[in-house]
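Biologist: I want to learn how to read a few features from a structure. Can we take them one at a time?

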Amino acid sequence: MKTIKCSPAHWENEKNRVCAQIRQFVELMHIFEMQSFHVPAAPLITIVLALVGMEALMSEFFNDSVTAFYVIIVVWIADQFDSVCCRSNASKKHWLK
């Protein structure tokens, strides 16, 4: 029954998955608070929540969370390549934004 999307067992499984993600996120924030260096938490929280939301939407679109994760990783790598390696006018011309 957990694989049928409209069943109560499926939604119970989804609720447990989201609660586990929230618990892991809270534990991560506690680890950052215990460090001797200061990490700005607000931008980090915003990015993590945006990525979690994007993964949730894309996993519904692809019907597979692994595929959604790989698409997000490929887009992120392309963005990192653009910001780090594309400095000249020729590379900016041929590498689309």
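Biologist: Is Lys 15 buried, partly exposed or exposed?

Modeller: This is a predicted model. Lys 15 has 45% relative accessibility, so the residue counts as partly exposed.

Biologist: Where do Glu 12 and Lys 15 lie?

Modeller: Both belong to helix α1, which covers residues 8-34. They are three residues apart, about one turn of the helix.

Biologist: How many salt bridges does a search of the whole structure find?

Modeller: The search finds two. One joins the side chains of Glu 14 and Arg 17, at 2.9 Å from N to O.

Biologist: Why are Glu 14 and Arg 17 separated by about one helical turn?

Modeller: Because they are three residues apart in helix α1. Accessibility can be read for each partner. Glu 14 has 23% relative accessibility and counts as partly exposed. Arg 17, at 37%, also counts as partly exposed.

Biologist: Now the nonpolar surface. Which residues make the nonpolar surface patch?

Modeller: For a patch, look for nonpolar side chains joined within 5 Å, on residues with over 30% relative accessible area. In this model, Val 66, Phe 69, Tyr 70, Ile 73, Trp 76 and Ile 77 make a patch of about 610 Å².

Biologist: Take Val 66. In which helix does Val 66 lie?

Modeller: Val 66 lies in helix α3, residues 65-85. Its relative accessible area is 43%, so Val 66 is partly exposed.

Biologist: Let us step back to the whole chain. How many helices and strands does the protein have?

Modeller: There are four helices and zero strands. Along the sequence the pattern reads α-α-α-α.

Biologist: What percentage of the residues count as buried?

Modeller: Buried means under 20% relative accessible area. Of the 97 residues, 11% fall in that class. The protein exposes about 8,200 Å², and carbon and sulfur atoms supply 69% of that area.

Biologist: And contacts? What share comes from residues 24 or more positions apart?

Modeller: Take the contacts with a separation of 6 or more; residues 24 or more positions apart account for 8% of them.

Note on methods: Residues are numbered from 1 along each chain as its sequence is written. This is a predicted model: local features need pLDDT of at least 70, side-chain atom pairs count only at pLDDT 80 or more; totals for chains, interfaces and linings use all residues. Side-chain values use heavy atoms; hydrogens and water are left out. Patches are made of residues with over 30% relative accessible area and no salt bridge: like charges are joined within 9 Å, nonpolar side chains (Val, Leu, Ile, Met, Phe, Trp, Tyr) within 5 Å. Accessible areas come from the Shrake-Rupley method with a 1.4 Å probe; for residues, only the protein chains shown count as cover. A salt bridge is a side-chain nitrogen of Lys or Arg within 4 Å of a carboxyl oxygen of Asp or Glu. Helices (H or I, at least four residues) and strands (E, at least two) are DSSP runs, numbered from the N terminus. Buried means under 20% relative accessible area, exposed over 50%, partly exposed in between (1.4 Å probe, protein chains only). Contact means heavy atoms within 4.5 Å.
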